[in-house]
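Reader: Please walk me through this model, and bear with me while I ask how you know each thing.

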There are 2 protein chains.
Amino acid sequence: MDTLHVKSSQNVYPVYIGRDLYPKLNELIPDTYTSILIIADQTVADLYLGKVINGLKRSNVHQVIIPSGEASKNIKMFYELQTKAIEAGLDRNSLILALGGGMVGDLAGFVAATFMRGIDFIQLPTTILAHDSSVGGKVAINHEAGKNLIGSFHAPAIVIYDIATLQSLPKKEIRSGFAELVKEAMIDNTAFYKSILQTDLDDLNDQQLIAYIKKGIKVKAAIVEADEKELGIRKYLNYGHTLGHALEAELGYGQITHGEAVAFGTLFATNISEKIYDCDLKFGQLFKWFKTNAYPLDWQHINLHRLIERMKMDKKSVARHIQMVLLKEIGSPTTKKIRESELLDFLEQFMKELG
Amino acid sequence: MDTLHVKSSQNVYPVYIGRDLYPKLNELIPDTYTSILIIADQTVADLYLGKVINGLKRSNVHQVIIPSGEASKNIKMFYELQTKAIEAGLDRNSLILALGGGMVGDLAGFVAATFMRGIDFIQLPTTILAHDSSVGGKVAINHEAGKNLIGSFHAPAIVIYDIATLQSLPKKEIRSGFAELVKEAMIDNTAFYKSILQTDLDDLNDQQLIAYIKKGIKVKAAIVEADEKELGIRKYLNYGHTLGHALEAELGYGQITHGEAVAFGTLFATNISEKIYDCDLKFGQLFKWFKTNAYPLDWQHINLHRLIERMKMDKKSVARHIQMVLLKEIGSPTTKKIRESELLDFLEQFMKELG
């Protein structure tokens with residue numbers, strides 16, 4: 001088992017990464033909690049809920065299972081989970097355990113952040129994508145108008161990453177997770193980026209996966225420790241997300257994985273970064289790698305005006321002006337305001353280049 | 001104009017108290033906000049919204065008016081306000097202005113705390129009661145099962161208390177506000193408590209009112225500065241609230257003012273404190289003062305078992321055991337776990353003593 005530590009304004013929390021950690025949950029989680037509510041989505045519950053409950057070896061453990069998919073991350077489910085927490089008799093010394101991918105972590109985390117004005121929660125991520133979302137304390141639900149618009153900062157008490165769960169991931173979830181790794185690599189350093197471009201997602205072993213996840217978490221942790229509340233450099237983690245979030249919302253949450261949408265956004269941000277800063281970000285290689293690994297990139301039918309309207313609602317926007325994260329080179333992110341007409345030109349050109 | 005300063009983990013914020021401050025809002029509020037959303041309830045909007053907008057002298061000011069009364073502090077209204085904030089084009093550098101009593105402050109504050117993971121908000125309290133709720137950063141909405149069960153800690157950027165607004169208060173709102181002042185006096189010091197017991201609520205002048213509000217805010221500020229997240233002594237501010245909240249929920253939000261419910265709870269907490277700690281808290285005088293000032297105390301028909309069920313859902317409960325704040329003497333609060341059977345006895349006796 002590997003252990004990383006992440007500093008937040010509220011605490012310093014450990015991130016445990018390893019194989020078969022669920023049988024050890026009782027040792028990893030303090031025994032001072034009066035009760036525990038496990039929140040899991042259906043897919044993950046079928047596979048791991050029993051193992052988690054066995055591993056906890058506690059009485060006073062409650063559970064609630066929600067439908068899988070991003071569509072559950074809404075205000076109605078948020079309120080239902082508050083009701084479940086009340087009915088289960090949770091108090092301020094209770095714990096919420098988020099068992100699942102980023103959707104469950106964000107939703108359960110926001111419930112924990114706001115139940116009786118905030119109780120502890122522990123993340124048990126079960127996807128590669130969640131290496132990103134489980135660290136950094138961002139929790140939220142979606143609004144019809146945009147992703148993660150309602151939320152707060154609430155650092156987890158612990159993150160326990162049992163990578164045995166990653167074996168059950170469908171292909172699109174592996175793609176989804178690697179899109180965030182690509183992003184982290186691009187904003188951080190060339191070697192990391194190059195190694196991903198040489199990786200075949202159909203042929204990954206445990207060792208590689210652990211190494212990549214640790215690398216990704218380290219990039220993320222360094223940034224959130226320096227700027228927890230996203231007043232400055234934390235914005236860089238949004239590379240690829242301005243268009244990614246807009247695409248995700250436009251298609252309808254759950255129609256495409258978060259990472260697949262981010263991959264498309266990353267490709268776009270890379271495309272215009274090269275044009276604006278006259279740099280070489282290996283757009284061609286990146287496009288090829290996404291295609292080889294079957295990322296969905298064929299969005300020619302999407303209405304660009306509607307996409308731009310959604311991009312305006314991005315949380316980085318200031319007075320409705322779109323701000324994108326771009327790269328001056330690999331490892332050198334920056335933010336840039338882009339006029340609407342300019343953006344439309346870039347999008348049209350980009351779509352043509354994708355063919 | 002008087003100025004107090006309150007320290008939170010997020011900031012140090014000024015509390016301005018004085019007469020006719022709305023014409024000076026442009027000077028009191030920084031001009032760096034990209035836009036402002038004023039949230040006001042109907043009653044207050046009719047009286048003061050125009051004055052506030054005039055005083056702001058800004059462009060990009062939006063407004064939303066919600067129905068008056070505690071019943072608005074629910075999840076549906078919370079989501080509607082998020083929608084309004086999005087539609088108005090608010091961004092992370094925007095401001096929410098809460099114009100009204102505690103209900104508006106709690107609700108608008110919780111919207112601000114969670115809109116795009118937190119933006120600034122400024123409190124413009126318009127009731128005496130709100131001297132308590134506008135300071136300390138507690139924001140929340142109600143759940144059907146209990147008051148303020150969903151919320152967070154989000155300190156205001158500024159509190160601007162224009163006491164000219166207090167002149168329009170109906171009698172029951174004056175009673176409501178003074179119930180929290182009684183509570184603050186009792187947990188703090190004897191002289192403050194005695195002076196209130198000698199005050200006739202039908203005959204208050206500006207000077208007295210400002211002096212009382214300042215005293216109340218000072219008691220509150222000292223406590224929240226020492227224990228913002230209510231890990232210890234902040235609980236003492238809940239004197240009278242365990243039964244108060246339960247009564248408020250049992251009658252249905254809006255059927256009785258918050259302070260009137262707290263007055264009843266304070267009377268009960270005082271009654272059993274005298275019995276348990278064998279001290280003199282002037283229960284008789286307090287009862288008489290509440291009666292003289294027309295506080296509603298006639299709750300003989302209420303089902304005590306249901307009240308107790310609601311008291312169990314209090315946020316101070318630990319593993320469903322009721323914890324009440326009691327007084328060993330004036331100025332010496334403490335918390336005490338009380339068994340259900342014991343509580344029922346106390347309640348029955350108390351009801352008899354009220355006659």
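Author: Let's start with a rule: helices (H or I, at least four residues) and strands (E, at least two) are DSSP runs, numbered from the N terminus. By that rule, A:Lys73 sits in the loop between strand 4 (61-66) and helix 3 (75-87) of chain A. This is a predicted model, in which local features need pLDDT of at least 70, side-chain atom pairs count only at pLDDT 80 or more, and totals for chains, interfaces and linings use all residues. Residues are numbered from 1 along each chain as its sequence is written, chains are lettered from A and ligands numbered from 1 in the order in which they are written, and side-chain values use heavy atoms, with hydrogens and water left out.

Reader: What makes A:Lys73 count as buried?

Author: Buried means under 20% relative accessible area (exposed is over 50%, partly exposed in between; 1.4 Å probe, protein chains only). A:Lys73 has 1% relative accessibility, so A:Lys73 counts as buried.

Reader: Which residues does A:Lys73 contact?

Author: Contact means heavy atoms within 4.5 Å. Leaving aside neighbours within four places in sequence, the partners of A:Lys73 include A:Met103, A:Asp106 and A:Lys147. UniProt, in an unreviewed entry, annotates A:Lys73 and A:Lys147 as "binding site", along with others such as A:Thr127. UniProt positions are given in the numbering used here, feature names are shortened, and annotations may be inferred rather than shown by experiment.

Reader: How do you know which backbone atom the side chain of A:Thr127 reaches?

Author: A polar contact is a pair of N or O atoms within 3.5 Å; within protein, one must be able to donate a hydrogen and the other to accept it, and residues adjacent in sequence count only if both atoms are side-chain atoms. The side chain of A:Thr127 reaches the backbone nitrogen of A:Ala130 at 3.0 Å. A:Thr127 itself is in the loop between strand 6 (120-125) and helix 5 (130-133) of chain A, and counts as buried at 9% relative accessibility.

Reader: Which other residues does UniProt list under "binding site"?

Author: An unreviewed entry lists A:Glu180, A:His241 and A:His258. They are spread over 79 residues of sequence, yet they cluster in space, with a largest C-alpha distance of 9.8 Å. A:Glu180 belongs to helix 6 (residues 171-188) of chain A, and A:His241 to helix 9 (residues 241-251). The side chains of A:His241 and A:Glu180 are joined by a polar contact of 3.0 Å.

Reader: What makes A:Glu180 and A:His241 buried?

Author: A:Glu180 has 1% relative accessibility and so counts as buried; A:His241, at 5%, counts as buried too.

Reader: Why are the two copies described as related by a two-fold rotation axis?

Author: Copies are superposed by least squares on the C-alpha atoms of residues with pLDDT of at least 70 in both. Chain A can be laid on chain B with an RMSD of 0.0 Å by a turn of 180 degrees and a shift of 0.0 Å along the axis. The copies are thus related as by a two-fold rotation axis. In chain A, the C-alpha of A:Ile75 is nearest the axis, 4.2 Å from it.
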